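Q: Could you take a close look at one part of this model for me? I'd like to hear about the salt bridges and what they tie together.

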Amino acid sequence: AQIGINYLALENLQFNLDLCRPLHGDFSGMIGTEWKVVDTFKLRAGFNNRFKDWDGGGDYGALSGLSAGAAFSVNGITIDYAVSSYGDLGFLNQLAVKYKF
């Protein structure tokens, strides 16, 4: 089962909360925020506690589950970048380029 809540605090600031309970597993939660700095630029940050198992006490273990990103849009083209921490496994960088007709 999964439930999510999106709260638009201001016209350009929103918060998200997701709770998940798999059939055979523990509860997990995700929280995030998105700030629309201007119409063409957004910043995001979040935390996901599903990655706590990857905290082995190494150099990056304390960062497990943290994520951040930014998106820039102009003329139907969006460049979206995100980085997520998987604790001792390292960081996952994602880059997406989208075109909207």
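A: Let's start with Glu 34 and Arg 44, whose side chains meet in a salt bridge with N and O 2.7 Å apart. Keep in mind that this is a predicted model. The pair links distant parts of the chain: Glu 34 sits in strand 3 (residues 28-38) and Arg 44 in strand 4 (residues 41-48), 10 residues apart. As for cover, Glu 34 has 15% relative accessibility, so with the cut-off for buried at under 20% Glu 34 counts as buried. Arg 44, at a relative accessible area of 28%, is partly exposed.

Asp 80 is buried, with a relative accessible area of 14%. Now put the pieces together: salt bridges that share partners join Glu 34, Lys 42, Arg 44, Asp 80 and Lys 98 into one network.

A search of the whole structure turns up five salt bridges. One more pair to look at is Asp 39 and Lys 36, which form a salt bridge with their closest N and O atoms 3.7 Å apart. In this pair Asp 39 is exposed at 67% relative accessibility, while Lys 36 is partly exposed at 27%.

Notes
Residues numbered from 1 in each chain as written. Predicted model: local features only at pLDDT ≥ 70, side-chain atom pairs only at ≥ 80, totals over all residues. Heavy atoms only, no water. Salt bridge = Lys/Arg side-chain N within 4 Å of Asp/Glu carboxyl O. Helix = DSSP H or I, 4+ residues; strand = E, 2+ residues; numbered from the N terminus. Buried < 20%, exposed > 50% of the residue type's maximum accessible area, 1.4 Å probe, protein only.
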